[in-house]
Amino acid sequence: SSEVGIQGFLDFLRDEEVRYVVLKSFENLPELYRPHGDLDILVADEDFDKVWKFLGANPGPIKIDLVPVTSEWWPPPVAARILQTSVVGPAGSRVPAPKDAFLANAYNAVYIKGFASGIPSRMPGAVINENPKNDYGTIISNMAKDLDIDIPLELESLEEYLHEEGWRPPAGCFANLANRNEWLRRRFWTEG
């Protein structure tokens, strides 16, 4: 709710000792990264119901995407690692450690957004979103530069790097993501 606000929500998470991480776009907390944006929160399975009940008791216009560790979006070992290695971020939030933040942003761009991320692709006939909601290309490039990671900014190279780092989703998760991601479908599945 607007009455609780983002800072109030973050304070609740801290006071209740919830194991969580703001996955991306956390740089401006307690303000949202962009107007009418949302917060993507990864939360430990054992704390999910507590957070869900809090949000249900405090409805309002601020959008929160609440993702449990064992979801269809993230490989559980990767999600558990993000929680375990998290650090204190803006407004006292919990955020991914720098390399995990880079990998999480790349993961979101590649496996969740695909062509919609606005990141170039080597794929023939690729139709890239020229106006993505977030500037994933700049965000990922800046993070890579800060970490001395030299990688071409394109979906295929990022996916190969994620795979090398052990961040490729398992088969069941992969199939669910591909249902919503044309780039992923075209890259890993053939017709029929």
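Predicted model: local features only at pLDDT ≥ 70, side-chain atom pairs only at ≥ 80, totals over all residues.

The questions and answers below go through strands, aromatic rings and open spaces in turn.

Me: Is strand β2 largely enclosed or largely open?

Reply: Strand β2 covers residues 38-43, and the place to look is how many of those residues are buried, where buried means under 20% relative accessible area. Of the 6 residues in the strand, 5 are buried, so the rest of the structure leaves strand β2 largely enclosed.

Me: How many bridges join β2 to strand β3?

Reply: Strand β3 takes in residues 63-68, and it runs parallel to β2. Among the facing residues, L42 stands opposite V67 in β3, while V43 stands opposite P68 in β3. The number of bridges that join β2 to β3 is 6.

Me: Which hand does the β-α-β unit have?

Reply: The unit is built from β2, α2 and β3, and its two strands, β2 and β3, run parallel. The hand of this β-α-β unit is right-handed.

Me: How many aromatic pairs does a search of the whole structure find?

Reply: A pair of aromatic rings is described by two values, the distance of the centres and the angle of the planes. When the whole structure is searched, the number of aromatic pairs found is 9.

Me: Why is the pair of F12 and F54 called stacked?

Reply: The ring centres of F12 and F54 lie 3.8 Å apart and the planes meet at 10°, and since planes under 30 degrees apart count as stacked, the angle settles the name. The two residues are 42 residues apart, with F12 in helix α1 (residues 5-15) and F54 in helix α2 (residues 45-57), and the pair links distant parts of the chain. Both residues are buried, and because of the 10° angle between the planes the pair is stacked.

Me: What kind of pair do Y107 and W167 make?

Reply: Y107 belongs to helix α4 (residues 98-113) and W167 to the loop between α6 and α7, 60 residues apart, so that this pair too links distant parts of the chain. Both Y107 and W167 are buried, and together with W74 and Y111 they form one aromatic cluster. Their ring centres are 6.4 Å apart and their planes stand at 65°, which is over 60 degrees, so the pair is edge-to-face.

Me: How much space lies in the largest cavity?

Reply: The structure holds 1 cavity of 30 Å³ or more. The lining of the largest cavity includes K24, Y33 and N134, and by class it divides into 2 nonpolar, 3 polar and 3 charged residues. The space in the largest cavity is about 60 Å³.

Me: Which residues lie nearest the centre of the largest pocket?

Reply: The largest pocket holds about 500 Å³ of space, and the elements that give two or more residues to its lining are β2, β3 and α4. By class, the lining divides into 8 nonpolar, 5 polar and 9 charged residues. Of the 22 lining residues, those nearest the centre are D38, D40, D65, N108 and K113.

Me: Which element gives the largest share of the lining of the second largest pocket?

Reply: The second largest pocket has a volume of about 300 Å³, and its lining has 10 nonpolar, 4 polar and 2 charged residues. At least two lining residues are supplied by each of α4 and α5. The largest share, 5 residues, comes from α5.

Key. Residues numbered from 1 in each chain as written. Heavy atoms only, no water. Phe/Tyr/Trp six-rings, centres within 6.5 Å; stacked < 30°, edge-to-face > 60°. Helix = DSSP H or I, 4+ residues; strand = E, 2+ residues; numbered from the N terminus. Buried < 20%, exposed > 50% of the residue type's maximum accessible area, 1.4 Å probe, protein only. Pairing = 2+ DSSP bridges. Right-handed = clockwise from strand over helix to strand, strands pointing away. 1 Å grid on protein atoms, 1.4 Å probe; cavity = no way out; pocket = protein on both sides within 12 Å on 5 of 7 lines; lining within 4 Å. Points joined across faces, edges and corners; volume = space filled by probe spheres on them. Nonpolar A, V, L, I, M, F, W, Y, C, P; charged D, E, K, R; others polar.
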